[in-house]
Amino acid sequence: MHPLQTGSRGARPDCPESDFRSAAGKFASGVTVVTTRNGCEVFGKTVSAFGSLSLDPLMVSVSVGRMSPLVTAILNAEIFAVSVLRDDQQHVSRHFSTRGNGRSVGDFPTIRTRKAVTGAPVISGCLSYFDCRLENVFGGGDHAIVIGRVTAAESGKGDPLLYFDGGYREIQSPDPVAGVSAH
C-alpha cells in the first residue's frame, strides 16, 4: 500500500460528517503555518493539526490535506517549517488558508519570512517555530501525517492565535482581582 493510502477507503462512516465537524470544532487549537521551499518555489498552508511528537529524537507532526500541493512539495524537498502564529497574526492565517495564496516563486509576495537551518520559510514575527527535515509521511484518510525531525526551534514572547468553534480567539489575561477573596 502507498504510504498516503488508507485501508478503509469506501467504508460507510459510523458518524455523520456534520456531527464530527461540530465536535472537532469544540477543540481549541493553536494556529500554525506549515511551509517549504522546493527549488525556486515556496509553499505554505494554515494548519491547526500540529503536535510535538518526540523528545528523543526531537520530532513534530502535522496533518495536511493529502491533495494539497504542499504535501508533494514537502515530499520532494524533504524539509519544512512550522510557524506558530501570534494572536496579532490572523491576517497570516487567513492568507495561507485562502485557495491560491499558498504557492509562489521566490518568496511570498505579502508575507515576510526568514530562513533558519533548512531553508524552509519561517513566518517573521511568529510566536515560535520548528525547522524540520522530513522523517516520514503516513496516510490518514484524506490527510497526510507529516513527521519532521527538528533541526532548529525558537520561541518568542506573546500570546498564541487560537481557533475554536469556527473562529479566532484570544487568551484573556486573568483579572488581577479575580480569585482574591475578601475575608
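Author: Accessible areas here come from the Shrake-Rupley method with a 1.4 Å probe. The model under discussion is predicted.

Reader: What does the accessible surface of the protein come to, and what share belongs to carbon and sulfur atoms?

Author: The accessible surface comes to about 10,800 Å², and carbon and sulfur atoms account for 52% of that area. Of the 183 residues in the protein, 37% are buried.

Reader: How many helices and strands are there in the protein?

Author: The protein has 3 helices and 13 strands. As for contacts between residues at least 6 apart in sequence, 66% of them join residues at least 24 apart.

Reader: Which residue stands opposite H143, and how many residues lie between strand 10 and strand 11?

Author: G140 stands opposite H143 of strand 11. Strand 10 and strand 11 form a hairpin with 2 residues between them, and G141 in the turn has a positive phi of about 65°.

Reader: How does one read the burial of a helix, and which residues of helix 2 are buried?

Author: The general idea is that an α-helix has 3.6 residues a turn, so residues three or four places apart point the same way. In helix 2 (residues 69–77), the buried residues are L70, V71, A73 and I74. Viewed down the helix axis, these buried residues fall within an arc of 165°, so they line one face of helix 2.

Reader: Against which strands do the buried residues of helix 2 pack, and which residue just after the helix takes a positive phi?

Author: The buried residues of helix 2 pack against strand 2 (32–38), strand 3 (41–47), strand 5, strand 6 (79–84), strand 10 and strand 11. Just after helix 2, E78 takes a positive phi of about 65°.

Reader: Is H95 buried or exposed, and which residues does H95 touch?

Author: H95 lies in helix 3 (residues 90–97). A residue counts as buried under 20% relative accessible area; H95 is buried because its value is 13%. Leaving aside residues up to four places away in sequence, H95 touches N101, T110 and I111.

Technical notes:
Residues numbered from 1 in each chain as written. Predicted model: local features only at pLDDT ≥ 70, side-chain atom pairs only at ≥ 80, totals over all residues. Heavy atoms only, no water. Pairing = 2+ DSSP bridges. Helix = DSSP H or I, 4+ residues; strand = E, 2+ residues; numbered from the N terminus. Buried < 20%, exposed > 50% of the residue type's maximum accessible area, 1.4 Å probe, protein only. Contact = heavy atoms within 4.5 Å. Arc of directions from axis to C-beta.
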